[in-house]
Amino acid sequence: MNANAFFMDDALITVGEHARIGPGAQLMTALHPVDEHQRRREGWERAAPITIGGNVWLGAAVTVGPGVTIGRNSVVGAGSVVLSDIPDHVVAVGSPAKVIRTTAVEDGSR
């Protein structure tokens, strides 16, 4: 964990071994009603878990939304907003984050 990382853990947040979370990253599990205006006025919310796989690297100021899983050995570029699942062994960037390439897959020989 780096400086100023923030975990809104209304639901479970799981972080795999050897994951790196950059400065200012935010993992936000809370969901608020979008179309149910009265419930939003009343402060209703629910939460969904976040799962960060092993050996993941989240760059500085990455925001991860509720219900998202980031696959093992993946990298998310600085400033990205992750609103949907990211598979194993990829680089994802942007807002919303999109996969831009795959990464090498370890073969266990090293």
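## Reading the calls in a predicted model

Reader: Which residues does I70 touch, beyond its neighbours within four places in sequence?

Author: I70 is in contact with T51, I52, G53, V56, L58, V64, V76, V82 and I86. This is a predicted model.

Reader: What makes these count as contacts?

Author: A contact needs heavy atoms within 4.5 Å.

Reader: How many residues does the largest nonpolar core have, and which have the most contacts inside it?

Author: The core has 19 residues. L27, I52, L58, V64, I70 and V82 have the most contacts inside it. Strand 7 (50-52) and strand 13 (90-94) each supply at least two residues of this core. Nonpolar side chains tend to be buried together in soluble globular proteins.

Reader: Why is N73 called buried?

Author: Its relative accessibility is 14%. Buried means under 20%, so N73 is buried.

Reader: Where is N73, and what does its side chain meet?

Author: N73 is in the loop between strand 10 (69-70) and strand 11 (75-76). Its side chain joins that of N55 in a polar contact.

Reader: What makes the pair N73 and N55 a polar contact?

Author: The distance is 2.8 Å. The cut-off is 3.5 Å for a pair of N or O atoms, one able to donate a hydrogen and the other to accept it. The pair therefore counts. Further along the chain, N73 is in contact with residues including G54, V56, H89, V90, T103 and E106.

Reader: Is S80 buried or exposed, and how do you know?

Author: S80 has 1% relative accessibility. The cut-off for buried is under 20%, so S80 counts as buried. S80 sits in the loop between strand 11 and strand 12.

Reader: Which backbone atoms lie by the side chain of S80?

Author: The backbone oxygen of G77 is 2.8 Å from a polar atom of this side chain. The backbone nitrogen of G94 is 3.0 Å from a polar atom of the S80 side chain. Leaving aside neighbours within four places in sequence, S80 is in contact with A61, V62, T63, A92, V93, G94 and A97.

Reader: What is the order of the three-strand sheet, and which strands are at its edges?

Author: The order is 2-7-10, in an open sheet with parallel pairing. Strand 2 (13-15) and strand 10 are the edge strands, and each pairs on one side only. Two bridges join strand 7 to strand 10. T51 stands opposite T69 in strand 10.

Reader: What makes the bond between S95 and P96 cis?

Author: Its omega is about 0 degrees. P96 lies in the loop between strand 13 and strand 14 (97-102). Most peptide bonds are trans, and most residues other than glycine have a negative phi.

Reader: Which residues other than glycine have a positive phi here?

Author: N4 is one of them, with a phi of about 65 degrees. H89 is another, with phi near 60 degrees. N4 lies in the segment before strand 1. H89 is in the loop between strand 12 and strand 13.

Reader: What makes R39 and W44 a charge over a ring?

Author: The charged end of R39 is 4.4 Å from the ring centre of W44. The distance cut-off is 6 Å, with an angle within 35 degrees of the ring normal. R39 is found to sit over the ring.

Definitions and conventions. Residues are numbered from 1 along each chain as its sequence is written. This is a predicted model: local features need pLDDT of at least 70, side-chain atom pairs count only at pLDDT 80 or more; totals for chains, interfaces and linings use all residues. Side-chain values use heavy atoms; hydrogens and water are left out. A nonpolar core is a set of buried Ala, Val, Leu, Ile, Met, Phe, Trp, Tyr and Cys residues joined through side-chain atoms within 4.5 Å. Buried means under 20% relative accessible area, exposed over 50%, partly exposed in between (1.4 Å probe, protein chains only). Helices (H or I, at least four residues) and strands (E, at least two) are DSSP runs, numbered from the N terminus. Two strands pair if DSSP finds at least two bridges between them.
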